[in-house]
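Hi everyone, thanks for making time today.

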Amino acid sequence: MAKKVGKVTWPAYFRAAAGLRRLGGDSRPPRRSGGAESRGLVKKRDGRTSTEVSMSRMIILRGVSGSGKSTVAKEHAAEEMLLGGKAVICSADDYFIRLGSYKFDPRLLPEAHAWCRGKAVGALESEVDLVIIDNTNLCRWEFEPYEKMASDYGVECKILVVGEFDEKSIELYASRNQHGVPAEKIKQMAAKFQK
Ligand SMILES: Nc1ncnc2c1ncn2[C@@H]1O[C@H](COP(=O)(O)OP(=O)(O)OP(=O)(O)O)[C@@H](O)[C@H]1O
Ligand SMILES: [Mg+2]
């Protein structure tokens with residue numbers, strides 16, 4: 001259930017990651033009604049007025065490499081756009097795309113994820129209709145910052161687990177993932193998954 005946006009304290013870390021400055025102390029204005037509501041897609045709940053109900057949503061995807069997270073993310077974004085809304089996909093993988101090609105460097109992972117969190121904050125600040133977090137998010141600590149963001153900004157948050165964790169599925173994901181992640185590594189990822 002979306003909640004009324006009141007006073008929120010946003011950690012300096014995320015403000016810095018997003019390149020944002022504190023807006024008038026820690027208070028934020030109530031969210032404006034979004035595109036989804038103007039399209040008549042969002043019902044008012046409990047008799048509250050539209051200005052009290054957040055219109056944005058966040059989807060946090062979880063799953064091992066090759067399970068289909070980015071595919072699902074694009075499907076959700078396309079659906080949102082077909083309905084006239086705006087969607088932003090936040091993926092730490094995009095940090096490693098330089099001049100059109102993917103160059104993964106594990107040393108840059110913390111910075112890639114900080115960048116991804118910053119992008120999500122920017123999307124929430126811009127009040128896009130749908131923010132999709134497209135990372136493996138295997139451990140709780142990896143996606144909890146996004147849950148907190150969603151809560152702080154008063155947006156609905158849904159977690160979707162993509163794919164399976166059995167041996168046969170892992171073989172399939174190893175054969176099709178676009179980042180060259182081998183089955184052994186995907187097995188290790190699956191073992192890290194926290195329910
Ligand atoms: N349901 C599906 N059926 C068949 N192929 C799929 C399905 N979902 C995804 N794929 C294909 O599997 C490959 C990997 O999918 P995708 O890139 O979405 O995985 P991912 O979870 O984002 O992986 P990574 O974590 O490495 O980014 C892609 O080539 C995609 O087209
Ligand atoms: Mg992906």
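Let me start with a definition: a residue is buried if 20 or more other C-beta atoms lie within 10 Å of its own, exposed if 12 or fewer, and partly exposed in between, with C-beta atoms placed from the backbone. Please keep in mind that this is a predicted model, where local features need pLDDT of at least 70, side-chain atom pairs count only at pLDDT 80 or more, and totals for chains, interfaces and linings use all residues. Residues are numbered from 1 along each chain as its sequence is written, while chains are lettered from A and ligands numbered from 1 in the order in which they are written.

Glu127 is not a glycine, yet its phi is positive, about 55 degrees. Glu127 sits in the loop between α4 (109–125) and β5 (130–134); helices (H or I, at least four residues) and strands (E, at least two) are DSSP runs, numbered from the N terminus. With 18 other C-beta atoms within 10 Å, Glu127 is partly exposed. And Leu99? Its phi is also positive, near 50 degrees, and Leu99 lies in the loop between β3 (97–98) and β4 (101–102). Leu99 counts as exposed because it has 5 other C-beta atoms within 10 Å.

On to the sheet. Which order do its four strands take? They run β2-β5-β1-β6 in an open sheet with parallel pairing, where two strands pair if DSSP finds at least two bridges between them. At the edges are β2 (87–90) and β6 (156–161), each pairing on one side only. From one strand to the next, the twist averages 15 degrees; axes here are lines fitted to C-alpha atoms, for helices over the stretch in contact, and angles run from 0 to 180 degrees between N-to-C directions. Four bridges join β2 and β5, and Cys90 stands opposite Ile133 in β5.

Helix α4 packs on this sheet, touching β2 and β5, at about 165 degrees to β2; contact means C-beta atoms, placed from the backbone, within 7 Å. Helix α5 (residues 140–152) lies across β1 (57–62), β5 and β6, at about 170 degrees to β1.

Finally, the ligand. Around ligand 1 there are 15 residues, the closest being Ser65, Gly68, Lys69, Ser70 and Thr71; a residue belongs here if its C-beta atom, placed from the backbone, lies within 6 Å of the molecule. Helix α3 (residues 69–82) gives the largest share of that shell, three residues.

Methods: Two residues are in contact if their C-beta atoms, placed from the backbone, lie within 7 Å.
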